[in-house]
Amino acid sequence: MTEITMIEKVARAIAEARGHDDWSLNLPAARAALMALREPSLDMLEAALPGLPDWGYLPEEWRAMIDHVIAEQPAAQTGTIAHARAA
């Protein structure tokens, strides 16, 4: 069985919220939503590591995770988890 990618999960959630059946039409919206989350807010960083004066590499690690999801190709479209390759 093929694992559902995170980008597909986000697109499916948007489709459900909009009352749509075809989640694939929401892939651009899913990527746009993830781009908005690419930079963690100070509140997000504080929630992850409360009371610390320095968040270390957490902001870079967060961006790497978000970038990874943005580059994903949905498993339902490819048959396997795939990631877009930078040219």
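Trainee: Are H2 and H4 roughly parallel or roughly antiparallel to each other?
Mentor: H2 and H4 are roughly antiparallel to each other (angles under 35 degrees count as roughly parallel, over 145 as roughly antiparallel, 65 to 115 as roughly perpendicular and the rest as oblique). This is a predicted model, in which local features need pLDDT of at least 70 and side-chain atom pairs count only at pLDDT 80 or more, while totals for chains, interfaces and linings use all residues. Residues are numbered from 1 along each chain as its sequence is written, and side-chain values use heavy atoms, with hydrogens and water left out.

Trainee: At what angle do the axes of H2 and H4 cross?
Mentor: They cross at roughly 170° and come within 10 Å, H4 being residues 58–71; the axes are lines fitted to C-alpha atoms over the stretch in contact, and angles run from 0 to 180 degrees between N-to-C directions.

Trainee: Which residues meet there?
Mentor: From H2, Arg31, Leu34 and Met35 meet Ile66, Val69 and Ile70 of H4, where contact means heavy atoms within 4.5 Å. By class, that contact has 5 nonpolar residues, no polar ones and 1 charged residue (Ala, Val, Leu, Ile, Met, Phe, Trp, Tyr, Cys and Pro count as nonpolar, Asp, Glu, Lys and Arg as charged, the others, Gly among them, as polar).

Trainee: And Arg31 itself, what else does that one touch?
Mentor: Setting aside residues up to four places away in sequence, Arg31 touches Ile7, Ile70, Glu72 and Gln73. Its C-alpha atom is separated by 8.4 Å from that of Val69, which lies 38 residues away along the chain. Arg31 counts as partly exposed, at 21% relative accessibility (buried is under 20% relative accessible area, exposed over 50%, partly exposed in between, with a 1.4 Å probe and protein chains only).

Trainee: Which residues of H2 are buried, then?
Mentor: In H2, which spans residues 27–36, Leu27, Ala30 and Leu34 are buried. They cover an arc of only 60° around the axis, so they sit on the same side of H2; the arc is taken from the directions from the helix axis to the C-beta atoms. Pro28 and Ala36, on the other side of H2, are exposed.

Trainee: Changing topic, how many helices and strands does the chain have?
Mentor: There are 5 helices and 2 strands, in the order α-α-α-α-β-α-β from the N terminus; helices (H or I, at least four residues) and strands (E, at least two) are DSSP runs, numbered from the N terminus.

Trainee: Last one: where is Glu46, and what is it in contact with?
Mentor: Glu46 is in helix H3, residues 42–48, and, leaving aside neighbours within four places in sequence, is in contact with Gly51 and Trp55.
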